[in-house]
There are 2 protein chains.
Amino acid sequence: MQKRAPSPRVTTRDVAERAGVSQPTVSLVLSQNPTARISPETRARIIKAAEELRYSPNLVARSLVRSRSYALGIIVPDFRNPFFADVVSSVERVAAEEGYAVLLCEAGESSPAKYLDALHARIIDGVIIDAVGASSVHADLLDRTNVVLIDQLPGRWPGVATDAESAGAQAADHLIAFGHRRIAFIGPAIDVHSFRMRERGFWNALRAAGISLPSEYLVRANATALDGRAAMRSLFALDPRPTAVFCVNDVVAIGALKACIAAGAHVPGDISIVGCDDIELAQLVTPELTTVKVPARELGGRAARLLIRTIEGKAPGKYLGRLLPVVLVARGTSGPAPGDRS
Amino acid sequence: MQKRAPSPRVTTRDVAERAGVSQPTVSLVLSQNPTARISPETRARIIKAAEELRYSPNLVARSLVRSRSYALGIIVPDFRNPFFADVVSSVERVAAEEGYAVLLCEAGESSPAKYLDALHARIIDGVIIDAVGASSVHADLLDRTNVVLIDQLPGRWPGVATDAESAGAQAADHLIAFGHRRIAFIGPAIDVHSFRMRERGFWNALRAAGISLPSEYLVRANATALDGRAAMRSLFALDPRPTAVFCVNDVVAIGALKACIAAGAHVPGDISIVGCDDIELAQLVTPELTTVKVPARELGGRAARLLIRTIEGKAPGKYLGRLLPVVLVARGTSGPAPGDRS
DNA sequence: TTGTAAGCGTTATCAT
DNA sequence: ATGATAACGCTTACAA
């Protein structure tokens, strides 16, 4: 009783018929089940029949019976940001190697709850969540699936993260060492943990050096190049102007750099700029961007491997990796403070 | 007879029990089946029960019975190229709005056949393929699923594409109008249709202007910034040097620009550079990149909508949209040829 | 209007 | 070593 035209799809039943065995036997052979004790002859016959018919297993049917989809979800705020593109790319690579598909979710500024529901409905095996507002995710949504968080507040879920606080501190120390005393920060207001930590590390290092700053030196801007540019413009209106700026990531820093050049300010002569991430682009702008190198691909790769190990029961679910180290890379956008002799 | 611990997953059966109806009735109500003629009271009772139990449908089971996964595949060569990230982003957006998931496949230089098989096994509803080597895809792999090609040779599969030949021609005309006569091209050797067409349009326009060039002015390089930089360095070794370069895309152009600046060459005073795509970055380098604007997001959005319409039987399967127009945006990296008075 | 029954293509638990 | 048989959770005739 089929209402559709007979699908050209070959099933285990077709293979069984051709090989002259029962359907479950075909499954036993073709699903690589190690428990299978099948005589070499029948096994060969089945494999031959499968190849002749160009059999391809229906993963949906397998998923239904196994309650696993062999698929991973990855939720990021914005894949046009090269950093997230790197993370996603490495997740996809690891996943593909291990036989998992990757479902892409671009959550934007909004809550990922909608995506989590959709993934749950697809019996997703696990989800990687990178840099979404932590407060917006409800615990019960996360508890019903395997989750690995990237650059989030360490808590009850396993995660991988970079030493974001150190990133901010290194940026501050670098600028302080160049004699800067009027240092601004450009970063978003949203509650993304790694951004928060970069900011905190930065302020703490300044405070430790006895530097306190007017509140106008803290500029809130979305983590995009366009907003970075606008933020830098607003800093130019200040008196006294900062002599250096730390930007929450490279995209913002490149926007800020552009604003400086457009305004005729000399970088790093008049103003120094430090970014964070070390995206490929950092070395393609002129002058090349001084930034804190964050291992994006390793972050994604580790997250994917941790998640897959968790799914396959090979790792403690609550495992939390140590913070990945970050290191400042001094390039062309940072230099001595104007008038400083150090 | 369950071997696993009882899953906390709520099924239609649970809802049916709580609402005091049969399981199929629940399905009828909850799957929004328009054929359903259910009394308002039972309907309300079922919906209430579903909400109380926090029922979420199992899409895998639905997929099995419907032979549809409500998922799309997208195959791109390189997710880290901002152009493809844009395409993927817009595909994801449209797909999410229409209730489809997106499976990401980063094929690299290699053949997408492996990914096509994997997607087929997942009963994918359709696949979008952007700029993979057309020759490497076998017809029978594509014939068993819905396909929309982006920027590929028009043929038996529906697709959307930009007017790549015009892009090359506009770049050439722009440089010719500035008085350039020694014009180089940097582009990959691989068989990607839109790259080929950009190149062809470029050479044809030069020929039409009576300009012929030494073969060293054609430099083969992968479509990455790093390779663009290396390619430009090799052009510097030539005598006479070209006074202008057309790069197959912006990433290459930005690499080339970097090489010029590093070598102390003045852009556009000594050498003009024209890219193609108009990625966001084009306006963030200094000088800003002259390039041909290609509507990446529209390309992705159209492809996704065309594919979904095809899947849902609302469009002629062989529909081929007209070429999307492209337009050159003159910015800071192009100018009069050295010594030219035009 | 609603319940009954069949089946989607697998995997897994039994027998034999 | 292999074949019946029963799920997995849902959709969809068809019967009542």
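**View 1. Chain B is superposed on chain A by a rotation of 180 degrees with 0.0 Å of shift along its axis (RMSD 0.1 Å).** Look for B:Leu103: in chain B, its C-alpha is nearest the axis, 2.3 Å from it. The same surface serves both copies, as 100% of the contact residues of chain B recur in chain A; contact means that C-beta atoms, placed from the backbone, lie within 7 Å. This is a predicted model, in which local features need pLDDT of at least 70 and side-chain atom pairs count only at pLDDT 80 or more, while totals for chains, interfaces and linings use all residues. Residues are numbered from 1 along each chain as its sequence is written, with chains lettered from A and ligands numbered from 1 in the order in which they are written.

**View 2. Here 28 residues surround DNA strand C.** A residue is near a strand if its C-beta atom, placed from the backbone, lies within 6 Å of it. The closest are A:Pro24, A:Ser27, A:Ala61, B:Ser22 and B:Arg37. H4(A) gives the most to this surface, with 5 residues; helices are DSSP runs (H or I, at least four residues), numbered from the N terminus.

**View 3. Now meet DNA strand D, surrounded by 30 residues.** A:Arg37, B:Thr11, B:Pro24, B:Ser27 and B:Ala61 are the closest. Two or more residues each come from H2 and H4 of chain A and H2 and H4 of chain B. H4(B) provides the largest share of the surface near DNA strand D, 5 residues.

Definitions and conventions
Copies are superposed by least squares on the C-alpha atoms of residues with pLDDT of at least 70 in both. Two residues are in contact if their C-beta atoms, placed from the backbone, lie within 7 Å.
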